[in-house]
Amino acid sequence: MDESIAAPVSSPSAWAAFGDEIWQGRVRVEQVGSTNVLHCAVDKLAALCERLMSSGEHMFATLVVEDEGAQLLLTYVFYPVKGGAFTHVVIRQPISKLHVPSIAATVPAADWHEREAADLFGLAFDGHPRLGAFVLHDGWPESAQPMRREFDIHDRTSVPSRRDVPEPNRSLDAPGSFSMPVGPVFSDLAESAHFRIETLGEDVSRIAVRFFYKYRAVEKLAEGQPLDRVLLLAERFSGAAAFAHGLAFCQAVEDIAHVTVPARAMVLRAILAELERLRSHAATITGICNSTALAVATSQAAMIEEDLLRLSAFVTGHRYLFGMLTPGGLAIDLPDELCRQTAAQAEMIARHMARLHRLLRQSSSFLDRLEEVGATSSAAAALLGLVGPVARASGVARDIRALFPYAAYREYPPQVPIEMQGDGYARLRVFFREAAESAALMARLAARIPDGAVSLADIALCQGAALGAVEAPLGAAFHWVRLGADGRVLRYHITPPSFANWPGFQFAAEEFAFQDFPIILATFGLSNAECDR
Amino acid sequence: MTQWVWEGLTSGIRTTRYPAREERAPGVSPGRPRARQGHEASRNAVASGCPTDAITAGEDGSSIDYRHCVHCFRCSRTTSPAVDWESGYEWAAESEMARVAHRLGHFFRRSLNIRFVDAGACGACMGEVRQVNNPYYNMHRLGFFLTPTPRNADILLVAGPVTLPMQQALRDTYEAMPPPKRVVAMGVCALSGGVFGRGAAVAGGLNDVLPVDVMIPGCPPPPLAILHGLLVAVERKPPQPLISLSGGPSR
């Protein structure tokens, strides 16, 4: 094996290797701020991505496609798993030649990203096993490519006429096999999605999914809009994680404008982000209790969730923290005393949660339903690029707060709990432990809040693009924002944690007993609103 | 399992007394703007920069269309507000059509089966509907139940801006329900499309797809507003106006 290929690519000198003869001048390294940008010829893309992943030091974050008129700009974003600088692999393809080699074989985490780009931009990823019928359902005009410049999202020519019966590209063919379609309308309060459960009697061999029933074209709606409007979209496309997504958007804008928000805003942002995480985890735990039909525990968890919703409204005026963020800080200041009260209240609620956790641990019938259910190995979690609590339950400790500290997390690093088993019970434990840590972190943050302004008076907007990275309650969220010279948004690409983790659910939901389906679903705690956008 | 029985009993009763009594616990509702009277409010309404155009200038003061208000608080946080902020949660309104027809009748007043369909809701609306079923709000005590099948349903409760693939699913669900039936749209997305508007991806409101009887504004409507909407649907509570006008009762 060639020496230079085996060298770790994160060391600065190793980047020089991309300029040497192995790549025959087909890869050009550029340093933009702290980001390594690798401009790459299309024929070297797959090899370069394989090289980045083979060191085991990089993880795929997202694929951003931008329509530049005459050509498409594709940015494959990687981040080092131990923190450091992001790496962007950039290629350009003329509109006349929309074929790009697929990297999904070597970077499985990129699989869904390529499928999405294929649907929305009309790109063909050569070598990808299944493109099409992903984001766009029946009813969209033939050959519609909503994210291309010329497509008018306000044009209402789409016709929802036919019944969209999803057909998986392969199905189980064995004596006694049976396919059970579930959704998009469910028997309870579930989000719209379609699952095709393939069974042989009581055992499920695999599940095929059809999502994007909730596709609202948020990224397209953002184009050409002023920041204030796009912030409304960022908060409201996934209301259950409104603050985290709003924050990722604001951070991207602040990065473009080269501004640092005041220290006070940093701390208050972190307090509110932890409050949201605490509430979101309480909701997930409610869902897990409900999936096992443990009525009293469900009620107790739901009351904890409502207590946190009321606390959120008491502090900020809104139960889901809408309207708190603004690029450059926070929309309103919160008095120190109120923050301390909030943190104290959150700690009290966290004690209720600890009590619930203790009771659940003593309920063997409950644990029996969770243990060894929907197991995801550490290797699979890393390979599929899983993020957040789900990844941490499989021993993959990736937390954006620790890797790329934002807000006040550099001074107040969170303790990131980790479990190794990767089953439903491990995920439940991670949700409980993270909730406890969020409450403790809120108390640490509220103890010493810096004085001063809570927002920058004015931000001079300039042209440019940046990636906002935030640890949302369900995992890493990446928001790519490109601003035009007029300060309006040219391109907005959201990579939510649910989008990254749904493939993990599909992987975990293989070879299991039929009645475990809702439990596996609940322990992943994923959101379709967040995934579909 | 006795520990759970004990745990449940020692929690006591946490359920709200609404609708018998007003719920005053802090944090049950974000509140909403109310039209303010006077020339100054009228002038400020023009300059308020309401991002969803919910606030407009009326003859003598401001006017607010709750089908568009997304609780962004932009109007209340300026130095020259065009609105007052009111607490409360009784927000549900009745459509014109529901006033003349579509009565459910008194048999349904204390026994109502509800089918919920997510038509692209963001998660906040979903969370609030889940809470309605939980101890703090407990809609069972009012005779309201979620039903797994549309065949048993009297009410179709819909949240979200009605995405393209959900339109047929909504029609199918509605057709499977036996008459008499009512449709309740909750959240500004289901009323007007909210921040998603109307276009190729979303219908921009349930009214384009199904006949809507009761509208619950809010982004999201808190659990008590949803309860109020259901109570309006069975005529146990009077509906509220959808538009707040300055000077005189709103319509």
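Visitor: How much area do chain A and chain B bury between them?

Guide: The two chains bury about 5,700 Å², and 58% of that lies on carbon and sulfur atoms. Buried area here is the accessible area, taken with a 1.4 Å probe, that two parts lose on being put together, summed over both. A:Arg156, A:Leu189 and A:Arg310 supply 14% of the area that chain A buries against chain B, more than any other three residues.

Visitor: What are these values computed from?

Guide: This is a predicted model, in which local features need pLDDT of at least 70 and side-chain atom pairs count only at pLDDT 80 or more, while totals for chains, interfaces and linings use all residues. Residues are numbered from 1 along each chain as its sequence is written, chains are lettered from A and ligands numbered from 1 in the order in which they are written, and side-chain values use heavy atoms, with hydrogens and water left out.

Visitor: How many residues are in contact across the two chains?

Guide: On chain A there are 74, in contact with 66 of chain B, where contact means heavy atoms within 4.5 Å.

Visitor: What makes the rings of A:Tyr79 and A:Phe478 a pair, and of which kind?

Guide: Rings of Phe, Tyr and Trp (its six-membered ring) pair if their centres lie within 6.5 Å; planes under 30 degrees apart count as stacked, over 60 as edge-to-face and the rest as tilted. This rule gives 24 aromatic pairs over all chains. For A:Tyr79 and A:Phe478 the centres are 5.5 Å apart and the planes stand at 45 degrees, so the pair is tilted. A:Tyr79 lies in strand S4 (residues 71–80) of chain A and A:Phe478 in strand S14 (residues 475–483) of chain A, so the pair ties together parts 399 residues apart in sequence. Strands are DSSP runs of E of at least two residues, helices runs of H or I of at least four, numbered from the N terminus.

Visitor: How do you know whether A:Tyr79 and A:Phe478 are buried or exposed?

Guide: Buried means under 20% relative accessible area, exposed over 50%, partly exposed in between (1.4 Å probe, protein chains only). A:Tyr79 has 1% and therefore counts as buried; A:Phe478, at 3%, is buried too.

Visitor: Why is the pair of A:Trp112 and A:Phe134 given its class?

Guide: Their ring centres are 5.2 Å apart and their planes meet at 75 degrees, so the pair is edge-to-face. A:Trp112 is in helix H4 (residues 111–121) of chain A, and A:Phe134, 22 residues away, is in the loop between strand S7 (124–126) and strand S8 (177–182) of chain A. Both A:Trp112 and A:Phe134 are buried. They belong to one aromatic cluster, whose members include A:Phe186, A:Phe211 and A:Trp502.

Visitor: Why is strand S6 (residues 112–118) of chain B called largely enclosed?

Guide: Six of the seven residues of S6(B) are buried, so the rest of the structure largely encloses the strand.

Visitor: Which strands does S6(B) pair with?

Guide: Pairing requires at least two DSSP bridges. Three bridges join S6(B) to strand S7 (residues 144–146) of chain B, in parallel, and B:Asn113 has B:Phe145 as its bridge partner in S7(B). Five bridges join S6(B) to strand S8 (residues 155–159) of chain B, also parallel, with B:Asp118 bridged to B:Ala159.

Visitor: How do you know whether B:Ala185 is buried or exposed?

Guide: B:Ala185 has 0% relative accessibility, so the residue counts as buried. B:Ala185 is found in strand S9 (residues 182–186) of chain B. Not counting residues up to four places away in sequence, B:Ala185 touches several residues, among them B:Val158, B:Leu206 and B:Ile216.
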